[in-house]
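Please read them with the sequence and the structure side by side.

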Amino acid sequence: MRFQHICVLGLGYIGLPTASTFATHGLRVTGVDVNPAVLHSLQNGEAHIYEPGLRTLVQAAVKSGNLSVSPQPVEADAYIIAVPTPFKEGKKADLSFVIAAAEAIVPVLRRGALVVPGPFVEAREVAHRHEIPARHL
Ligand SMILES: NC(=O)c1ccc[n+]([C@@H]2O[C@H](COP(=O)([O-])OP(=O)(O)OC[C@H]3O[C@@H](n4cnc5c(N)ncnc54)[C@H](O)[C@@H]3O)[C@@H](O)[C@H]2O)c1
């Protein structure tokens, strides 16, 4: 499958550079975040976090016209989930943010779309628990 439109959920230290890099390489990207302050700063062409070179990259992505932001997921060819996975007791990952993001995708998820549930996450675990067809993951 050829990916033309990617939806990145979570625009923090992982998601924002990822979304911006895809956008500056010609893909259409919708960046999604639940924090309105994050969306507001990006709409003004500013990065809300500091990483060397990130501001320049974000501004290039916005200027390219390929990066837009949204408070909720949209239909896309691929989804990258880059939301927090804090540790719980016993060094287990708290997947509640990932689960919330996966559930938000379901209404717009179409057959054949790719879902990348993020680092440290077993795709099939999310699919099994939330009845997302495993072929999507
Ligand atoms: N930062 C790193 O250096 C690093 C390195 C390796 C792995 N990771 C992993 O990458 C993942 C993301 O980490 P990060 O550092 O980018 O986190 P972050 O805290 O910088 O950013 C996460 C963003 O996700 C947003 N968010 C929370 N719930 C959401 C939802 N349901 N839908 C959309 N957006 C939502 C938050 O508002 C926040 O802006 C985590 O699993 C983390 O463990 C991070």
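1. Helices (H or I, at least four residues) and strands (E, at least two) are taken as DSSP runs and numbered from the N terminus. The model is a predicted one, in which local features need pLDDT of at least 70 and side-chain atom pairs count only at pLDDT 80 or more, while totals for chains, interfaces and linings use all residues. Residues are numbered from 1 along each chain as its sequence is written.

2. The protein has five helices and five strands, and from the N terminus on these elements follow the order β-α-β-α-α-β-β-α-β-α. Two residues are in contact if their C-beta atoms, placed from the backbone, lie within 7 Å. Among the contacts with a separation of 6 or more, 63% are between residues 24 or more positions apart.

3. The strands form an open sheet of five, in the order β3-β2-β1-β4-β5 and with parallel pairing, where two strands pair if DSSP finds at least two bridges between them. Because β3 (67–70) and β5 (114–116) stand at the edges with a single partner strand each, one side of each is left without a neighbour in the sheet. From one strand to the next the twist averages 20°; angles run from 0 to 180 degrees between N-to-C directions, and axes are lines fitted to C-alpha atoms, for helices over the stretch in contact.

4. Two of the pairings can be followed in detail. Five bridges join β1 to the parallel β2, and Cys-7 has Thr-30 of β2 as its bridge partner. Four bridges join β2 to β3, which also run parallel, and here Val-32 stands opposite Ser-70 in β3. The helix α1 lies across β1, β2, β3 and β4, and runs at about 160° to β2.

5. A residue is buried if 20 or more other C-beta atoms lie within 10 Å of its own, exposed if 12 or fewer, and partly exposed in between. On this count, 31% of the 137 residues of the protein are buried. Four of the five residues of β2 are buried, so this strand is largely enclosed by the rest of the structure.

6. A nonpolar core is a set of buried Ala, Val, Leu, Ile, Met, Phe, Trp, Tyr and Cys residues joined through C-beta atoms within 7 Å. The largest one has 30 residues, of which Val-8, Leu-9, Ala-19, Tyr-79 and Ile-81 touch the most other members. Elements that give two or more residues to this core include β1 (5–9), α1 (15–24), β4 (78–81) and α4 (96–105). Leaving aside residues up to four places away in sequence, Ile-81 touches, among others, Leu-9, Val-98, Ala-101 and Val-116.

7. Which residues come nearest to the ligand? Of the 23 residues around the ligand, they are Gly-10, Gly-12, Tyr-13, Ile-14 and Thr-85, a residue being near if its C-beta atom, placed from the backbone, lies within 6 Å. The largest share of this shell, four residues, comes from α4.

8. Two loop residues deserve a look. Lys-91, in the loop between β4 and α4, is exposed, with 6 other C-beta atoms within 10 Å, and its phi is near 60°, a positive value in a residue other than glycine. Pro-107, in the loop between α4 and β5, is exposed with 9 other C-beta atoms within 10 Å; Pro-107 and Val-74 are 33 residues apart in sequence and 8.9 Å apart in space, C-alpha to C-alpha.
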